[in-house]
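Biologist: I am new to this structure. Please take me through the terms as they come up.

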Amino acid sequence: MQIDDLYHLIPDFICTEGCHACCEDFGVPSRTPVEDARLKAFLKQHSIQQGKARGNTCPYLVATGCSIYPVRPFICRLYGTSPNYRCKMEVSPLRLMHEDEEAEIFHLYQTRFF
Ligand code: SF4
């Protein structure tokens with residue numbers, strides 16, 4: 001299993017346009033070494049300077065949104081899609097994950113990618 005395969009297990013979720021509420025409350029998102037390597041390669045490829053954390057705001061959040069969106073880590077993708085990571089603006093995907101499904105995805109993430 002590759003990390004993208006894991007990401008595909010997370011239900012699609014379309015945020016409210018222009019809303020960055022979770023990114024302003026996240027600090028620096030946690031990530032595995034695999035995700036960190038992808039992120040660093042993306043920053044280098046796109047000549048993006050890593051920002052500094054500002055309070056609880058993610059350093060990758062810029063005026064136009066997430067500057068690393070294609071390689072955003074697992075936790076950013078999961079947010080809003082499962083019972084324990086509900087969107088604070090109360091937006092939901094068509095299919096909210098069941099708690100057991102969330103636990104299984106976390107288990108895969110922690111056992112295969114750390
Ligand atoms: S990495 Fe991107 S999606 Fe994740 S919290 Fe930061 S700005 Fe938001």
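Modeller: Ala, Val, Leu, Ile, Met, Phe, Trp, Tyr, Cys and Pro count as nonpolar, Asp, Glu, Lys and Arg as charged, and the others, Gly among them, as polar. By that rule, the lining of the largest pocket divides into 24 nonpolar, seven polar and six charged residues. This is a predicted model, where local features need pLDDT of at least 70, side-chain atom pairs count only at pLDDT 80 or more, and totals for chains, interfaces and linings use all residues. Residues are numbered from 1 along each chain as its sequence is written, and side-chain values use heavy atoms, with hydrogens and water left out.

Biologist: What makes Arg 31 and Asp 36 a salt bridge?

Modeller: A salt bridge needs a side-chain nitrogen of Lys or Arg within 4 Å of a carboxyl oxygen of Asp or Glu. Between Arg 31 and Asp 36 the N to O distance is 2.6 Å, so the pair meets the definition. Both residues also belong to a network of salt bridges with Lys 40.

Biologist: Why is Asp 36 called buried?

Modeller: Buried means under 20% relative accessible area, exposed over 50%, and partly exposed in between (1.4 Å probe, protein chains only). Asp 36 has 19% relative accessibility, so Asp 36 counts as buried.
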